[in-house]
Amino acid sequence: MLWFRKGLRVHDNPALVKACEGASAVQPVFVLDPWFTKPERVGANRLRFLLESLTDLDASLRARGSSLLVLHGDPARVIPAALEAWRCDRLCYEFDTEPYAQKRDASVNEAARALGVEVHAPVAHTLWDLDRLLAKCPRGEPPTAYASFLKIAHGVGPVPPVAPDVPSITPLSVGDGKDLVDALRDVVTGSGVPSLELLGYESIPVGEGFPARGGETEGLARLRETLARTTYIAEFKKPQTNPTEPWTPVLGKKSAKPATPFDAAKTSSAGAATSLTAEAFTAPATTALSPYLKFGCVSPRTFWHELRAVLDVELKGKHSKPPESLEGQLLWREFYYLVARGTPNYDRMAGNRICRQIPWTWDEERLAAWEEARTGFPWIDACMMQLKREGWMHHLARHAVACFLTRGDLFVHWEAGAAVFDRELVDADWALNNGNWMWLSCSCFFYQYFRVYGPVSFGKKYDKEGVYIRKYLPQLKDMPAKYIYEPWTAPIEVQKKAGCVVGLDYPEPIVDHAVASKECIEKIAAAYNAHKNGTAGSIVAAGKKRKAGDGV
DNA sequence: TTAGAGTTGATTTT
DNA sequence: AAAATCAACTCTAA
C-alpha cells in the first residue's frame with residue numbers, strides 16, 4: 001500500500017519507488033478524515049486545493065496503470081483495516097514530522113507491525129532529513145537564528161538527489177477485501193475524489209477563490225514558469241516584493257520577447273484562439289508556490305535542484321543571496337521545520353522553550369473584529385478580506401495583520417491569530433505558521449518590538465491610491481485617495497459624497513494606533529525585562545535551575 | 001564582556 | 001532615492 005498524505009505527487013516520490021520495488025501489486029490510497037473536512041477546521045479554499053490535487057494525482061496514477069482510492073474515516077482505523085483486507089505486506093508513506101502526524105503514524109505503525117506489515121517512511125517533504133540536522137545541533141536544540149541554521153545545514157552535506165520516476169504501477173486485482181474497502185468509502189461521496197459541495201461546503205463563487213488550481217501538474221508548470229523568469233529570479237528579494245500587487249499574467253523566458261506588430265498581426269489573422277498572454281499563469285509579486293510545497297504537489301528537492309541549475313549554470317552566480325533570495329526562502333522553510341521538529345510545544349506559548357512569555361489577552365471582541373475584517377483600518381481589513389475570500393495574502397500583508405493583532409495594536413494572543421491562518425490559508429503549514437506568528441509577535445526569532453508596522457502607513461507606501469483597498473472593501477471604492485487609509489479623518493461631507501459614512505457604512509477604528517502601539521511596546525518591554533531577570537536569576541543559581549525549566 | 005548583525009518600521013533629512 | 005534618526009531588542013562570535 002502506498003499511503004498519500006502530503007507528498008501529493010508522482011515525481012520525486014521515494015515512497016512510491018519503495019512501494020513498487022519488487023511488488024506484485026500496489027494500491028495507492030488517500031484517507032479523507034471527516035474530523036478535518038469541516039469549514040471550522042479547514043477553509044473552503046484549502047479543501048478545494050486539496051481535492052484538485054487529489055484529482056490530478058489520480059490522473060497521474062491512471063497514466064501509470066493505477067489509480068487513487070479515496071477512503072473516508074480516521075486513518076488510524078482505516079489504514080490498518082485496508083492493510084488487512086488486501087493482505088498487504090508493505091506500507092509506504094512519506095515521513096511527516098508534525099506532532100499530529102507523528103502520533104497518527106505511530107498508531108498506524110503499531111497496527112501494521114501486529115499484522116506483520118513492514119513500514120517504509122522515507123524523507124521527501126524537506127530538503128534534508130531533519131533528524132540528521134537535529135543531531136548536529138548543540139544539545140539537540142535547533143538554533144533560532146537563520147545564520148546559525150545555515151551553518152548546520154551546510155555541515156550536513158548537499159541536498160539529496162531526487163527519487164527516480166516510476167513509469168508504471170501494477171494495480172491490485174479486484175476481489176480480495178473489496179467489501180471491506182467499499183465499507184470504508186463514504187456512502188454519500190462514493191468512490192473517487194468528492195466535490196466540495198458533497199463534503200458539506202458552500203460553493204466558492206466564480207472568480208472569488210484562490211486564483212490557481214491545485215495539483216502536481218499545475219504546480220510543476222508554475223515552478224518551471226517561475227524558473228524561466230531568470231531576471232526575476234536573479235533579482236528576487238522577498239522583503240522588497242509588493243503586498244498590494246495584484247495577480248497578473250507572467251511569462252517565462254521563452255515568451256518574454258515582446259511580440260512585434262508583425263507577430264501580432266500574424267497571430268490575429270491566423271485566427272489563433274489563444275495568445276501567449278491568455279495561456280500564461282497569473283501570479284502575485286511572490287511565486288505563490290507555497291500551497292504546492294505545503295501539500296507536496298511540488299517536491300522541495302526538485303525545486304532546489306532546478307533552481308540551483310538556473311542560479312549556477314544560467315546566472316553563473318550573479319543573483320541575490322540568502323536570506324532574501326529565492327533559495328533563501330526554501331532555506332527559511334527548512335529552518336522553521338527544523339525548529340519545529342526540535343521544540344516541544346512549538347505551537348503554544350506555555351511550555352515552549354523558545355517562546356517569550358508575554359501576557360497576551362484573548363479579547364473576543366478584538367479578535368472577532370480582526371478576523372471579520374472590521375477593525376476600521378482599511379489596509380488591515382482589506383488584507384483580512386483577501387484572506388477570507390481567496391485563502392491567500394502576500395507575505396507582507398500577513399506581517400501587517402499579524403503585527404496589528406498581537407504586538408502592534410490589539411495585544412491579542414498570537415495563538416488566536418495562528419488558528420485563523422491555519423484554517424483559512426491555502427498554504428497553511430504547521431511549522432511555518434506557528435514560527436511566523438512567534439516571529440511577528442516578537443515571541444521568538446525577532447525581538448525589535450519597537451519596530452511596529454503602521455496600519456495606515458505600511459500599505460500606503462506601496463499603493464498610494466488604495467487600489468487594493470477598493471478591490472476588497474467596495475464600500476470604500478469612492479473614498480478619495482487622501483482619506484482611503486484613514487476614512488475617519490475625512491470631513492463628513494466627503495464621507496457622504498463617497499457613500500461611506502464612518503460608523504454607519506464602515507467601522508470606526510478599533511484603537512488609536514499611536515496610543516495602542518505605545519502601550520503594546522511598554523507591555524512587551526515589561527515582559528522582556530521579567531524574562532531577563534528570570535534568566536539572570538537562573539544563571540546565578542547555575543545551569544541546574546535552567547534545566548529544570550526545560551520540557552515543561 | 002562587548003561589538004556587530006539581524007530577510008521585510010516610520011519619519012525626517014540629505 | 002538613500003541615509004540618518006528614533007529607541008534600543010537579542011543572538012552570536014570573538
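How many nonpolar, polar and charged residues does the surface near DNA strand C have? By class, five are nonpolar, three are polar and one is charged. Here Ala, Val, Leu, Ile, Met, Phe, Trp, Tyr, Cys and Pro count as nonpolar, Asp, Glu, Lys and Arg as charged, and the others, Gly among them, as polar. The residues around DNA strand C are Pro143, Thr144, Ala145, Ser148, Tyr447, Gln448, Phe450, Tyr528 and Lys532; a residue is near a molecule or strand if its C-beta atom, placed from the backbone, lies within 6 Å of it.

This is a predicted model, in which local features need pLDDT of at least 70 and side-chain atom pairs count only at pLDDT 80 or more, while totals for chains, interfaces and linings use all residues. Residues are numbered from 1 along each chain as its sequence is written, and chains are lettered from A and ligands numbered from 1 in the order in which they are written.

DNA strand B is surrounded by 18 residues, and the closest are Pro239, Glu324, Gly454, Ser457 and Phe458. Helix H6 (146–155), helix H14 (326–341) and helix H20 (457–462) are the elements that give two or more residues to this surface. H20 gives the most, with three residues. The surface near DNA strand B divides into 10 nonpolar, four polar and four charged residues.

Chain A as a whole has 24 helices and seven strands. Helices (H or I, at least four residues) and strands (E, at least two) are DSSP runs, numbered from the N terminus. Of the 552 residues of chain A, 43% count as buried. A residue is buried if 20 or more other C-beta atoms lie within 10 Å of its own, exposed if 12 or fewer, and partly exposed in between, with C-beta atoms placed from the backbone. Among contacts in chain A between residues at least 6 apart in sequence, 78% join residues at least 24 apart. Two residues are in contact if their C-beta atoms, placed from the backbone, lie within 7 Å.

Five strands form an open sheet in the order E3-E2-E1-E4-E5, with parallel pairing. Strand E3 (69–72) and strand E5 (118–120) stand at the edges with a single partner strand each, so one side of each is left without a neighbour in the sheet. On average, neighbouring strands of this sheet are turned by 30° against each other, direction ignored. Strand E4 (residues 90–93) pairs with E5 in the parallel sense over three bridges, where pairing requires that DSSP finds at least two bridges between the strands. Within this pair, arginine 90 stands opposite glutamate 118 in E5.

Helix H3 (residues 75–85) lies across strand E1 (2–4), strand E2 (28–32), E3 and E4, and runs at about 150° to E2. Axes are lines fitted to C-alpha atoms, for helices over the stretch in contact, and angles run from 0 to 180 degrees between N-to-C directions. The loop between H3 and E4 holds cysteine 88, which is buried, with 26 other C-beta atoms within 10 Å. Not counting residues up to four places away in sequence, cysteine 88 touches Met1, Leu83 and Val117. Cysteine 88 and methionine 1 are 87 residues apart in sequence but 6.6 Å apart in space, C-alpha to C-alpha. Arginine 87 lies in the loop between H3 and E4 and has a positive phi of about 50° although it is not a glycine. Arginine 87 counts as exposed because it has 11 C-beta neighbours inside 10 Å.

Aspartate 12, in the loop between E1 and helix H1 (14–20), has a positive phi of about 35° and is not a glycine either. Aspartate 12 is buried, with 23 other C-beta atoms within 10 Å. Another backbone feature is the cis peptide bond from proline 322 to proline 323, with omega near 10°. Proline 323 lies in the loop between helix H13 (300–314) and H14.

Helix H16 (residues 378–390) and helix H17 (residues 395–408) pack at an angle of about 115°, with their axes 10 Å apart. Trp379, Ile380, Cys383 and Met384 in H16 meet Ala397, Ala400, Val401 and Phe404 in H17. The residues of this contact divide into eight nonpolar, no polar and no charged. Helix H18 (residues 414–424) is mostly covered, with nine of its 11 residues buried. The buried residues of H18 include Trp414, Val420 and Phe421, and what covers them includes helix H15 (364–371), H16, H17 and helix H19 (430–440).
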